[in-house]
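Let's take a friendly walk through this model. Have the viewer open and follow along.

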Amino acid sequence: MTTPSLASLHGNRACAAGAIAAGCRFFAGYPITPSSEIAEQMSRELPRAEGVFIQMEDEISSLAAVIGASLGGVKAMTATSGPGFSLMQENLGYAAMTEVPCVIINVMRGGPSTGMPTRPSQSDIMQTRWGTHGDHPVIVVAPASVQEIYDETIRAFNLAEEFRTPVIVLYDEVIAHLLESVVLPQRDTVPTLTRKWASGEETTFLPYAVTEDGVPVMARPGDGHRVHVTGLTHTPDGFPTQRPDLAAKATQRLLDKIEFNRDRIERNETFDLEDADVVIVAIGIVARAARRAVQELRSAGLRVGLFRPVTLWPFPEEALREAAARAKCLLVPEMNAGQLALEVERIVGPDRVARLNRIDGEPIAPGDIVRRIREIAA
Amino acid sequence: MNDTLEAPFDVKDYLRLEMMPHFMCPGCGHGIALRCLLWAVHELGIDKDKLAVVCGIGCSGRVGAYIDANTFHTTHGRPLAFATGLKLARPDLTVVVITGDGDCLAIGGNHLIHACRRNLDITCLMLNNEVYAMTGGQVSPTTAIDRLTTTTPHGNAEPTFDACRLADAAGASFVGREVTRQAPALKNVIKAGLAHEGFSFIEVMSDCTEIYGRKNDLGESPEMIMSQKSDMRPEAFGNVADEPFRANRLRAGIIAQRDRPEYGSVYRLRAAAEQAKAKAKS
């Protein structure tokens, strides 16, 4: 049988299915609404796939265990929501610093604090970028459908392996629990990547040596390299340093690794942009509502289009600049008090950017966007 | 297993000599603990390639970098959680955690009790120097009553933790304690812990001469080492569990050892059964 199969799944189930297909064989997590179905699904699937599931004592230890497993050579992930994601910031920074591939699913709910556990939100957009301390690289993908959750979870694992960095899959409670048809390809047709493993001379191996693409080769315990891994600023040999020149190089390489590979990381989708006077910039379920609003406004004769970042961080800057080149106005609808808008304003300047925000725990509806654009057009 | 068992123990065989000189202060007990760990590793013939040492933050956290093995210097209080993931993913590795009294009992206390409860095959050495030394000498969960630290300038008024009783109560299948003064005895406890299948918790009574001993007039290194002798209650004294906790007046040696199923093996057995079921269906 080589044909893909069609399944009816909700977002969290599709996420778990994507992870297994991507080769994830370790999950550590802690129960939290609205992400728990991912952990439940992984606890069923992983033992059958010769993998390991463990429910840890909190989210701090969950990400720690994930990093531990990945250091051991196994593709690993966790899943959480805002309050748990806050607890993970410490080890997220550790994974970025030590360059350990791992995937973190953050299903956004209303905040701050315990907030509205069962209500959707998009208020973690900036936390995914700047949540952990220090200058660090990060990759965040923001799917907008159940199919895309499946596909982007697979891509998240591949990006994590390719660039040796934590990758966050960020989506809202609506698509987490939305039931949609998903095309599941045959397992062996899923494109999967695995990090480069060190081989060859043990004594001369430098675990953080600069390579052509900026991504160091990883040593697997047991293969004879016996390296040191530390969250302290370290030199290519893996050992700590406080020498200003070496420290600057180490941090710069971390940042460059993502910056210089933007073309392999960035992804975005556009809809009806060619002649658009108004460009809507939206992610997740809000982009779905925006698409509907575009159709409605187009049939009323208004030239409206949509720009949707699929890779949220690094933000597809060039693509947005291009999309915005001839627009009179950019509207940023989002389920928070204004986060995505900050990045859009940074890229195209604040003059043309309008906002539409909902912080009441309700998703933004197509009608909300239609009304806002009619206001702007009037 | 390799052939080093027959060879006499030379600590240099297990150290990253390029890392010398080490950072430890004169008289610090952590070097003795490190030597005893490596001695035990040698006597058990554990392959360095298959040895993973996971450390937290603090003076104890820096010890791992000197070991010629797979070494991981993680985040504060979390080495047991990192080790849990590593051991589950790679049961073929010998996983040792080196932690301190602050790392293990304060910020990492939650991870300790759950590691004890799960009973994965990990050996945890808690180097207890009764103080946060790396940060300049603040009070820790094991600082004795009335001691002076930089955050107890009028004397410590908080009661202390008995880490071994905690580990025992939480279900650790091996609990041991030894002082750095008794190097061969310490080596033997670590060796027994490494050989034990399950979670082994070993409290190593270490000394901080520079910023704890000096501040409390406990003498210099020789005096502090000698006081370990006079203060350590031999096991023959019986169970001190009913008496109030006093630092350095504790039972030593193997305090508890029990047969409990090792969690990794249990998980793998159940997973194999699931795989067989799935196979039978297809």
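## The open sheet of chain A

In what order do the five strands of the open sheet in chain A lie? The order is 11-13-12-15-16, and the pairing is mixed. Keep in mind as you look that this is a predicted model.

Strand 11 (268-271) and strand 16 (353-357) of chain A form the edges; each has a single partner strand, so one side of each is left without a neighbour in the sheet. On average, and ignoring direction, neighbouring strands of this sheet are turned by 20 degrees against each other.

To see one pairing in detail, find strand 15 (residues 329-334) of chain A, which runs parallel to strand 16 of chain A and is joined to it by five bridges. Within this part of the sheet, Glu334(A) is placed opposite Asn357(A) of strand 16.

## Chain A as a whole

Zooming out, chain A holds 13 helices and 16 strands. Its C-alpha trace spans about 70 × 50 × 45 Å along the principal axes.

Of the 378 residues in chain A, 54% are buried. Among contacts in chain A with a separation of 6 or more, 74% are between residues 24 or more positions apart.

## Where chain A meets chain B

How many residues of each chain take part in the contact between chains A and B? There are 36 from chain A and 34 from chain B. On the chain A side, the elements giving two or more residues are strand 2 (26-29), helix 2 (36-48), strand 3 (52-55), helix 3 (59-71), helix 4 (82-98) and strand 10 (228-230). Helix 3 of chain A gives the largest share, with nine residues. By type, the chain A residues on this side are 20 nonpolar, 10 polar and six charged.

Strand pairing also crosses between the chains: strand 10 of chain A and strand 2 (residues 70-73) of chain B run parallel and are joined by three bridges. To find the spot in your viewer, look for His228(A), which stands opposite Thr71(B) in strand 2 of chain B.

Conventions. Residues numbered from 1 in each chain as written. Chains lettered and ligands numbered in written order. Predicted model: local features only at pLDDT ≥ 70, side-chain atom pairs only at ≥ 80, totals over all residues. Contact = placed C-beta atoms within 7 Å. Helix = DSSP H or I, 4+ residues; strand = E, 2+ residues; numbered from the N terminus. Nonpolar A, V, L, I, M, F, W, Y, C, P; charged D, E, K, R; others polar. Pairing = 2+ DSSP bridges. Buried ≥ 20, exposed ≤ 12 C-beta atoms within 10 Å, placed from the backbone. Axes fitted to C-alpha atoms, helices over the stretch in contact; angles between N-to-C directions.
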